[in-house]
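Keep the structure open while reading.

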Amino acid sequence: MKYKIVGDNLPAVICDVDAGEAMRTESGGMAWMTPNMRMETNTGGGFGKALARSFANEHMFQNIYTAEGGPGQIAFTSSFPGEIRAVDITPEKGLIVQKSAWLASELGVEINTFFQKKISVGFFSGEGFIMSKLTGRGTAFLEISGSTIEYDLKPGEKMTVATGFLAAMDETCQIDVVTIKGVKNALFGGESFFNTVITGPGKLWIQTMPISHVAEALIPYLPSKSS
């Protein structure tokens with residue numbers, strides 16, 4: 001599989017595949033393709049995995065597109081202004097991503113549900129009790145809201161991330177939450193009561209424009225029901 005990412009801040013990834021090669025995406029993720037790309041819809045690993053994805057507010061079904069009779073092309077687009085990043089998944093290097101970050105991947109990449117070990121992390125961090133875990137082998141494409149900032153954390157090195165800004169991290173990283181110190185800071189500082197703390201070793205991807213923050217910023221400008 002060869003690919004190119006185009007479109008600046010409204011990006012698409014165009015994948016050129018050989019005959020017999022396949023790409024996986026959530027249902028409704030395909031933007032355009034050549035006529036010889038055959039689509040097959042499945043549960044992506046059985047009903048149990050599909051049900052777990054539904055609890056995470058993700059699509060229960062996934063689509064697999066396979067090139068038949070010769071080379072094919074398929075494109076996937078982002079659903080929000082930002083970036084598409086390609087990451088290499090190997091058996092030795094899995095990736096934890098926020099629920100909406102996975103866009104598409106080669107067939108060798110498995111998409112599983114990742115449950116936070118500490119319930120408090122999911123309830124209070126704002127990243128969600130359920131995230132996604134990418135394992136296996138192949139190239140995966142991540143949809144990042146806004147721009148992407150990358151950090152390579154050394155063992156024991158920490159980064160504090162505000163609610164919604166965590167896009168992805170290596171599975172070797174640890175995630176936890178801390179409360180904002182000081183009553184005045186928590187009540188009047190304009191931040192949430194909790195921050196997410198990522199501890200290395202591993203790579204960390206931060207997004208600069210979480211969709212939730214954009215939605216909050218637009219609320220004052222939306223017409224009210226009484227108007």
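Of the 227 residues in this protein, 41% count as buried, where buried means under 20% relative accessible area, exposed means over 50%, and partly exposed lies in between (1.4 Å probe, protein chains only). The model is predicted, so local features need a pLDDT of at least 70 and side-chain atom pairs count only at pLDDT 80 or more, while totals for chains, interfaces and linings use all residues. Residues are numbered from 1 along each chain as its sequence is written, and side-chain values use heavy atoms, with hydrogens and water left out.

The secondary structure comes to 4 helices and 19 strands; these are DSSP runs numbered from the N terminus, helices being H or I of at least four residues and strands E of at least two. Among contacts between residues at least 6 apart in sequence, 77% join residues at least 24 apart, a contact being heavy atoms within 4.5 Å.

Strand β10 (residues 102–106) is mostly covered, with 5 of its 5 residues buried. Strand β3 (residues 22–26) runs antiparallel to β10 and is joined to it by 3 bridges; two strands pair if DSSP finds at least two bridges between them. Met-23 stands opposite Glu-106 of β10. β10 also pairs with β13, again in the antiparallel sense and over 3 bridges, and here Trp-102 has Leu-142 as its bridge partner in β13.

Leu-142 also belongs to the largest nonpolar core, which has 15 residues; Val-87, Ile-89, Leu-95, Val-97, Leu-134 and Leu-142 touch the most other members. A nonpolar core is a set of buried Ala, Val, Leu, Ile, Met, Phe, Trp, Tyr and Cys residues joined through side-chain atoms within 4.5 Å. At least two residues of this core come from each of β8 (82–89), β9 (95–97), β11 (109–115), β13 (138–145) and β16 (166–170). The largest share, 3 residues, is supplied by β13. Beyond its neighbours within four places in sequence, Leu-95 is in contact with residues including Val-87, Ile-89, Leu-134, Leu-142 and Trp-205. A second, separate core has 13 residues, among them Cys-15, Ala-67, Ile-74 and Phe-76.

Which aromatic rings pair? A search of the whole structure finds 1 aromatic pair, counting rings of Phe, Tyr and Trp (its six-membered ring) whose centres lie within 6.5 Å, with planes under 30 degrees apart called stacked, over 60 edge-to-face and the rest tilted. Tyr-3 and Phe-141 form this edge-to-face pair, at 5.0 Å centre to centre and 75 degrees between the planes. Tyr-3 lies in strand β1 (residues 2–6) and Phe-141 in strand β13, 138 residues apart. Tyr-3 is partly exposed at 39% relative accessibility, whereas Phe-141 is buried at 0%.

Elsewhere, 3 strands form an open antiparallel sheet in the order β15-β18-β17. β15 (158–161) and β17 (174–179) are at the edges, each with a single partner strand, so one side of each has no neighbour in the sheet. β15 pairs with β18 (residues 194–199) over 4 bridges, and Met-159 has Ile-198 of β18 as its bridge partner.

Confidence is given by pLDDT, the predictor's score for each residue from 0 to 100. The protein averages 83, and 78% of residues score at least 70. Confidence is highest in strand β2 (residues 12–17), at a mean of 98, and lowest in helix α3 (residues 183–188), at 41. Over residues 182–190 the pLDDT is below 50, and this stretch has 6 contacts beyond near neighbours in sequence. Where pLDDT is low, the predicted coordinates should not be read in detail.
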